[in-house]
Amino acid sequence: MTLFDQLRTCLVQKKPFVAYVLPNSDVLTLGEQKSSKLHHFKGQDGFVFTSFLGTESVVIPFEDAVFNELRYSKKHLQPIVNPKQKSDSEAGVFQRLVERAVHEIHSGNLEKVVVSRVIKSVFNEDCITAFENLIQRYHTAFRYLFYHPEVGGWMGATPEQLVQIKGKTFETVALAGTYKGSLFKEWTSKEMHEQKMVTDYIVQTVAEFSSELDVSLPYTSEAGDLVHLKTNISGTLTSEKSGFDLVQSLHPTPAVCGLPKDRAVEFIMKNESYDRSFYTGFLGIKNEKRDEMNFFVNLRCLSFEGQNVNIYVGCGITGESNPEAEFYETEHKSQTMIQIL
């Protein structure tokens, strides 16, 4: 039985599990839970899965799971066929949401806000085949498949690290701005401004936990068929607070929420027509016994039930945002998951 066959068996038996591959790795880790219990996260070591606002946080704990690693073999992938563009009505709904966000920014109520939408689709093949396609196609991303019968199934290939902590050292990133790689020429003032807001917020937040910081210049980073504007931030923890306190202070960052944070959350809850759930939450391994944590922001993801899927996409809005351009940014982002279905 292959590792992917094991995943199929877990799904058929409705057994909780997580499978993931770290960025730039070809080693797949499978954490198969021994019981069917839903473990709510209360600081346990294991694979943590937390929602956008942290109101729901679950874990596949080391103490109730078997974790194994396996190097997967690469396979030939078929060329990508771009799907048809979405309907005018779908574009219109999202563009009106962007217009409301821009109005709030011009009114002085917000500096930035991230708005999102859901695209409903179907699997052409089973989700394990889709996951196999995912881990092969997006080598630089954190790729995962999570399932619990009381939570549902989630899958993604996120380009964004929330924070990695080893001992007293930590690394995080500020990520903003998105282009389809083939269309990218240069970053506009809008994207540079948006990325600076995210960077400034993260630097200010982590400074409370560190006496020294190393902040890179922004640079263009590739993630699959997309490019992003990225800044690396690292430092040494000196605070008496735990590393997980740093994680909770960072989340949700302006890259998935906005500024000021409380007003951005209020706008999102009032104006988005759905519950984000685990989209724009964070996920990854917490292992305090080894003095390590490695968490990623849950972007470029979908949730699934059977062959029905919800694909989640969003974009950061500033006062310079163009509603039509923002809609097409979400179209480009949706290709990450659509291409594997």
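Biologist: Hi! Which strands pair in the antiparallel sense over five bridges?
Modeller: Strand β17 (residues 301-305) and β18 do, in the antiparallel sense. Two strands pair here if DSSP finds at least two bridges between them. Helices (H or I, at least four residues) and strands (E, at least two) are DSSP runs, numbered from the N terminus. This is a predicted model, where local features need pLDDT of at least 70 and side-chain atom pairs count only at pLDDT 80 or more, while totals for chains, interfaces and linings use all residues. Residues are numbered from 1 along each chain as its sequence is written, and side-chain values use heavy atoms, with hydrogens and water left out.

Biologist: Thanks! What is the bridge partner of Phe304 in β18?
Modeller: Val309 is the partner of Phe304. β17 and β18 form a hairpin with two residues between them, and Gly306 in the turn has a positive phi of about 65 degrees.

Biologist: Which other strand pairs with β18, and over how many bridges?
Modeller: Strand β6 (residues 112-122) pairs with β18 in the antiparallel sense, over 10 bridges. Within that pairing, Val118 has Tyr312 of β18 as its bridge partner.

Biologist: How many residues of β18 are buried?
Modeller: Eight of the 10 residues in β18 (308-317) are buried, so the strand is mostly covered. Buried means under 20% relative accessible area, exposed over 50%, and partly exposed in between (1.4 Å probe, protein chains only).

Biologist: What does the side chain of Ser321 make a polar contact with?
Modeller: The side chain of Glu326, at 3.1 Å. A polar contact is a pair of N or O atoms within 3.5 Å; within protein, one must be able to donate a hydrogen and the other to accept it, and residues adjacent in sequence count only if both atoms are side-chain atoms. A polar atom of the Ser321 side chain also lies 2.9 Å from the backbone nitrogen of Thr318.

Biologist: Switching topic, which residues have the most contacts inside the largest nonpolar core?
Modeller: Phe47, Tyr144, Phe146, Trp154, Leu246 and Val247, in a core of 49 residues. Helix α4 (residues 189-207) gives the most to this core, with five residues. A nonpolar core is a set of buried Ala, Val, Leu, Ile, Met, Phe, Trp, Tyr and Cys residues joined through side-chain atoms within 4.5 Å.

Biologist: And what does Val247 touch?
Modeller: Leaving out residues up to four places away in sequence, Val247 touches Leu162, Val163, Ile165, Phe282, Met293 and Phe295. Contact means heavy atoms within 4.5 Å. There is also a second, separate core of 34 residues, which includes Ile119, Ala157, Val309 and Ile338.

Biologist: What about Arg300: buried or exposed?
Modeller: Arg300 counts as buried, at 9% relative accessibility. Arg300 has a positive phi of about 45 degrees although it is not a glycine, and lies in the loop between β16 and β17.
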